Amino acid sequence: MAERLGVATLSSGDLLREAVRRKSPIGQEVESFMKKGMLVPDRLVTDLMMEHLRGWDAGRSFVLDGFPRTAAQARALEQGFRETGGIRIDLAIDFEMSPEKVVRRLAGRRVCGRCRANYHVRTLPPKQPGVCDRCGGTLQARVDDEPQTIRKRLAVYEEESEPLLGFYRRQGKLRILPGDLEIEAQYEALMDLLKKERLVCA
Ligand code: AMP
């Protein structure tokens, strides 16, 4: 969506994985949490995200992926935005999906080590197994996409992230979409919502 609409996107998971890859001090601190499917401490991830968001132009649209993940992070984000002025969250979208489908989707996910393009062994396979269509990079499963770790992440989601829905519901910003549609149908459902909310032109 970000690519097609030409808006910026910032993924907390991508930033953290990059920190781990570079073996930066933050990377070394978060690696074991991520491998186990646990959330990394709020302060670390909030500081990392705010570091990137702080310089952003308030008039620029953006998609946050994977952040905030706890009510404490959402509050810290609001505080950070108050300090920077102008930037705000318009909408929080909850993609609903059964736990079984989440496990199937993540266990089959493959990511390009070079350009980070995503594939799925059954629903979105590359033309040549293990090779990225876009850049020829090698495709790998994420270390936390082991079925056992996925289940742990789902339990963590229920406990720590689900309460966040109430935060955005109370602000009137929460919208719910099915998350298990085919890729194009999923994109259309998302675009229909954004048009209805007047966030993109009809
Ligand atoms: P993701 O790429 O969004 O699936 O995130 C992968 C992993 O990075 C998570 O399982 C957490 O260990 C960590 N992570 C990503 N975003 C956050 C966040 N907002 N808060 C805490 N941990 C996070």
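A polar contact here is a pair of N or O atoms within 3.5 Å; within protein, one must be able to donate a hydrogen and the other to accept it, and residues adjacent in sequence count only if both atoms are side-chain atoms. With that in hand, welcome to a predicted model, in which local features need pLDDT of at least 70, side-chain atom pairs count only at pLDDT 80 or more, and totals for chains, interfaces and linings use all residues. Residues are numbered from 1 along each chain as its sequence is written, and side-chain values use heavy atoms, with hydrogens and water left out.

- The backbone of methionine 38 places a polar atom 2.6 Å from a ligand oxygen.
- Arginine 17 has a side-chain N or O atom 2.9 Å from an oxygen atom of the ligand.
- For arginine 142, a polar side-chain atom is likewise 2.9 Å from a ligand oxygen.
- The protein buries 94% of the 480 Å² that the ligand exposes when taken alone (Shrake-Rupley accessible area, 1.4 Å probe).

**The surrounding shell**
- The ligand is surrounded by 16 residues (a heavy atom within 4 Å), and the closest are Ser12, Arg17, Met38, Arg69 and Gln73.
- Seven of the shell residues are nonpolar, four polar and five charged (Ala, Val, Leu, Ile, Met, Phe, Trp, Tyr, Cys and Pro count as nonpolar, Asp, Glu, Lys and Arg as charged, and the others, Gly among them, as polar).

**The whole protein**
- Roughly 45 × 45 × 30 Å is the box that the C-alpha atoms fill along the principal axes.
- Of the 202 residues, 39% are buried (under 20% relative accessible area, 1.4 Å probe, protein chains only).

Methods: Buried < 20%, exposed > 50% of the residue type's maximum accessible area, 1.4 Å probe, protein only.
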